[in-house]
Amino acid sequence: MRVPLLDLSRQHAPLRAELDLALARVIDSGRFILGAEVEAFEAECAHLCNAAHCVAVSSGTDALLAAVMALGIGPGDEVITTAFSFFATASCVARVGARPVFADVGPDFNLDAEDALGRVTPRTRAFLPVALFGRRGDVARLAASGLPVIEDGAQAIGAADLGRGAAMATLSFFPSKNLGALGDGGAVLTDDAALADRLRLLRAHGSRPKYTHHVVGGNFRLDALQAAVLRVKLPHLPSWNARRRANAALYREALAGVGDLALPADVSGHAWHQFVLRTGRRDALRAHLRERGVESEVYYPSPLHLQPCFASLGSVAGDLPRAEAACREALAIPVHPDLDDAQKEHVIASVRSFFSP
Ligand SMILES: Cc1ncc(COP(=O)(O)O)c(C=O)c1O
């Protein structure tokens, strides 16, 4: 049996006719960038995420970059973020000439608020926590400092209260995300009308009207084709996330007490983008699963503070021991909503047989 980490063909099969119609509608409209399709998606996404404004952009990476730019962060500024995330979480800070300041993580893999607060200096301009694997971090605690928070919600669309307490939350519609486009896409959520306006300006080269540039922005625009696809998929997100949650609950029950496994906690509102367990024998478990047709993935094999491009920031191995341990021990197993019962049973049996041959 084969159990892929993600099965988009199963997700798309029942939606295929609707997707074809949506794509045809955009082709016939002749409007391919922003426009009515994107505006309609923004309204629907804002409603689903309980945000006053949704500004759709070209990717989750550009959502982060636009958010950092919207706060006017630049050279000489510092942004405190997690060492255990996808690269874009930190690169958006470096790309505006500011300094990413890395903090360690807690047992939930998320930014440790205590450690992050301890790294505040007079140059700190914002916190950038990540709702890693779909679970929100302690945004309220960070926001209580008075500094703005940008919540990287790339993996957490549908998580309860995403963005609450934050100035902005960002989303990614990379195809493998809980809500995936047929290509790249992203969005920034905010309740602040002035920030939303700034984001819209930045998204289109800072121009308003066309050819009058108030600020140096970028081309962060979402394609109408992607917006049309996302509009077909968005209504299904709550039920897809519910299936992820049920799969996670099944794993938690079936794998409790197995070997040295540490299982992710079942906190309410979790979007379960990934089910990430920990074991001191991670690589051997991964090989065992591969032999049985079960795909798994290492998110992330090395921490951000030790990436070669950040060497000039001066971090060395051992600086953030919990993030570094997570890189050695964490393993994501398939939790996607299109798993069938036999596949889930096979995942469980395969994990169990590694620890009790
Ligand atoms: C935590 C996190 N931040 C940012 C991104 C960047 O999103 P994108 O791939 O849409 O640029 C991703 C996804 O790849 C992510 O997982």
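This is a predicted model: local features need pLDDT of at least 70, side-chain atom pairs count only at pLDDT 80 or more; totals for chains, interfaces and linings use all residues.

Asn 50 sits in the loop between H3 and E1, and although it is not a glycine, its phi is positive, at about 60 degrees. Leu 34, in the loop between H2 and H3, is likewise a non-glycine residue with a positive phi, in this case of about 50 degrees. Leu 34 counts as partly exposed because it has 18 C-beta neighbours inside 10 Å. As background, most residues other than glycine have a negative phi, and most peptide bonds are trans.

Two peptide bonds are cis. One runs from Arg 208 to Pro 209, with omega near -10 degrees, and Pro 209 belongs to the loop between helix H8 (193–203) and H9. Another joins Tyr 299 and Tyr 300, where omega is about 5 degrees, and Tyr 300 lies in the loop between helix H11 (282–291) and helix H12 (321–329).

Strand E7, which spans residues 186–190, is mostly covered, with 5 of its 5 residues buried. Gly 186, Val 188 and Thr 190 point one way from the strand, whereas Ala 187 and Leu 189 point the other way. In a regular strand the side chains alternate between the two faces of the sheet.

E7 runs antiparallel to strand E1 (residues 53–57), to which 5 bridges join it, and His 53 stands opposite Thr 190 in this pairing. E7 is also antiparallel to strand E6 (residues 168–172), through 4 bridges, with Leu 171 opposite Ala 187.

Val 79, in strand E2 (residues 78–82), counts as buried because it has 26 C-beta neighbours inside 10 Å, where 20 or more are required. Leaving aside residues up to four places away in sequence, Val 79 touches Ile 73, Val 93, Ala 98, Pro 100, Val 101, Arg 125, Ala 126 and Leu 128.

## Domains and their contact

The protein is divided into domain 1 (8–104 + 111–235) and domain 2 (237–355), and the centres of the two domains, taken over C-alpha atoms, are separated by 24 Å. Their contact takes 28 residues from domain 1 and 24 residues from domain 2. On the side of domain 1 that touches domain 2, the elements giving two or more residues are helix H1 (8–12) and strand E3 (99–103). By class, that side of domain 1 has 14 nonpolar, 6 polar and 8 charged residues.

## The shell around the ligand

Which residues lie closest to the ligand? The ligand is surrounded by 15 residues, of which the closest are Ser 59, Gly 60, Thr 61, Ala 154 and Ser 172. Helix H4 (60–70) and helix H5 (88–95) each supply at least two residues of this shell. By class, the shell has 5 nonpolar, 8 polar and 2 charged residues.

Terms used. Residues are numbered from 1 along each chain as its sequence is written. A residue is buried if 20 or more other C-beta atoms lie within 10 Å of its own, exposed if 12 or fewer, and partly exposed in between; C-beta atoms are placed from the backbone. Two strands pair if DSSP finds at least two bridges between them. Domain bounds come from an automatic or database domain assignment. Two residues are in contact if their C-beta atoms, placed from the backbone, lie within 7 Å. Ala, Val, Leu, Ile, Met, Phe, Trp, Tyr, Cys and Pro count as nonpolar, Asp, Glu, Lys and Arg as charged, and the others, Gly among them, as polar. A residue is near a molecule or strand if its C-beta atom, placed from the backbone, lies within 6 Å of it.
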